[in-house]
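Reader: I would like a close look at one part of this model, the side-chain pairs and where they sit. Please take it step by step, in one connected answer.

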Amino acid sequence: MTLFVNALICTFNYTANNPCIVIDLLHDANMPAVVVKPCCTLSGEEVVIVLKSMCIHQVAYCDLIPFLEEATPLLEGKDLVLDDLLVSDIGCRLEMHMHKNWFALKHALRNFIMDLRTRSY
């Protein structure tokens, strides 16, 4: 038996804009493959701490810190790993959409959300 999984995360332009997909292929051939959902239990404060720790390697993430720190209520990890999450909606919730650098902020936010989601499997 051969199992095929279409787990493409790239757009037509080969940009990784879609969240990663994790498929658990069980050792028992009689058991079906299972799509693994991310689970992030970080509090709002912990999300900010993780963001700050990631700034060392992703400088663009530093621009996100004030927005996440000042959000009311703070965004929790579970808010950022939803399957149907729209980055634009989160950006508007954080009031980034009114900022002159909205495009760059949206790009950094998308990448941070994908990094957080990847860490949540």
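Author: A residue is called buried when its relative accessible area is under 20%, exposed when that area is over 50%, and partly exposed in between. The model is predicted.

Phe112 has 0% relative accessibility, so Phe112 counts as buried. Tyr61 has 1% relative accessibility and is therefore buried too. A pair of aromatic rings is described by the distance of the centres and the angle of the planes. The count of aromatic pairs comes to one. Tyr61 and Phe112 form this pair, with 5.7 Å from centre to centre and 75 degrees between the planes, an edge-to-face arrangement. The two residues come from distant parts of the chain: Tyr61 is in the loop between helix 1 (44-54) and helix 2 (65-70), while Phe112 is in helix 5 (residues 102-119), and 51 residues separate them.

The charged pairs come next. The whole structure holds four salt bridges, and three of them are described here. One of these joins Lys37 to Asp83, where the closest N and O atoms are 2.6 Å apart. This bridge also links distant parts of the chain, since Lys37 lies in the loop between strand 2 (34-36) and helix 1, and Asp83 lies in the loop between helix 3 (77-80) and helix 4 (87-93), 46 residues away. Asp83 has a relative accessible area of 46%, so Asp83 counts as partly exposed.

Asp83 has another partner. Asp83 and Arg117 form a salt bridge in which the closest N and O atoms are 3.0 Å apart. Asp83 sits in the loop between helix 3 and helix 4 and Arg117 sits in helix 5, so this bridge ties together parts 34 residues apart in sequence. The relative accessible area of Arg117 is 7%, and Arg117 is therefore buried. Through shared partners, the salt bridges join Lys37, Asp83 and Arg117 into one network.

The protein has five helices and two strands, and from the N terminus the elements run β-β-α-α-α-α-α. Among the contacts with a separation of 6 or more, 54% are between residues 24 or more positions apart. Of the 121 residues, 29% are buried; Tyr61, Phe112 and Arg117 are among the buried ones. The C-alpha atoms fill a box of roughly 55 × 35 × 25 Å along the principal axes. The protein exposes about 8300 Å², and carbon and sulfur atoms supply 58% of this area. There are 9 positive and 14 negative charges, and their mean positions are 5 Å apart.

How values were computed: Residues numbered from 1 in each chain as written. Predicted model: local features only at pLDDT ≥ 70, side-chain atom pairs only at ≥ 80, totals over all residues. Heavy atoms only, no water. Helix = DSSP H or I, 4+ residues; strand = E, 2+ residues; numbered from the N terminus. Buried < 20%, exposed > 50% of the residue type's maximum accessible area, 1.4 Å probe, protein only. Contact = heavy atoms within 4.5 Å. Areas by Shrake-Rupley, 256 points an atom, 1.4 Å probe, with all protein chains shown as cover. Lys, Arg positive; Asp, Glu negative; His and termini not counted. Charge placed at Lys NZ, Arg CZ, Asp CG, Glu CD. Phe/Tyr/Trp six-rings, centres within 6.5 Å; stacked < 30°, edge-to-face > 60°. Salt bridge = Lys/Arg side-chain N within 4 Å of Asp/Glu carboxyl O.
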